[in-house]
Amino acid sequence: MTTVVLADDEALLRKALAALLPLEGEITVLAEAEDGESAVAAALRHQPDVLVIDLEMPRVDGLGAVAEIRRARPQQVVLMLTRHARPGVLRKALKLGVQGFVSKSAEPAHITSVIKTLHAGKRWIDSEVSALAVVDDCPLTDRELDVLRATRDGFSAADTAARLHLAEGTVRNYLSNAMQKTQTRTRHEAARYAREHDWL
């Protein structure tokens, strides 16, 4: 029997997976989480064999949650569900030790099979996800994306500097570069532009 915690802010998809995964194989869903913060709490409390987590969630995203969980449980096996897989995101996730990536449009039977594969100590990246990640039209660096993400979340340049452990001037330089590359006038416009192009 493989135990899992499911974390996804889309209630319909999460509930469907919670109902279907046990029917597809020997899987027990220990808990569900609707955002990154509750994913961290659930994973640390229940210590599942596999954490199945959405990349994009409110407050703390999938990568942030995985980073926090891995600090406490370095051995935690993680399957990330995603619609958009940019190379930068894939690189970050692999650095964090995420073992698997599956498209959110995958059939439950396939997700079950991948959970079993990961639990057996192997890795899995859906061909659909890896193909999307190869097509990189984003001109922004990972750091420029980090500061735009903080801008999108409402943080000031000073708050962003503190959160990312950077000098405020460095943050302003990253924002300026991002605005030039996106041909926008303000950091908020640059963040919106990046979001609309699925770069964030």
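In what order do the six strands of the open sheet stand, and is their pairing parallel or antiparallel?

I am working with a predicted model, in which local features need pLDDT of at least 70 and side-chain atom pairs count only at pLDDT 80 or more, while totals for chains, interfaces and linings use all residues. Residues are numbered from 1 along each chain as its sequence is written, and side-chain values use heavy atoms, with hydrogens and water left out. I found the order 2-1-3-4-5-6, with parallel pairing; strands here are DSSP runs of E with at least two residues, helices are runs of H or I with at least four, and both are numbered from the N terminus. Two strands pair if DSSP finds at least two bridges between them. Strand 2 (27-33) and strand 6 (124-125) are at the edges with a single partner strand each, so one side of each has no neighbour in the sheet.

**Entry 2, strands 3 and 4.** I then looked up strand 3 (residues 50-54) and strand 4 (residues 77-82), which run parallel and are joined by five bridges. Asp-54 stands opposite Leu-81 in strand 4.

After helix 4 comes Gly-97, which has a positive phi, near 95°.
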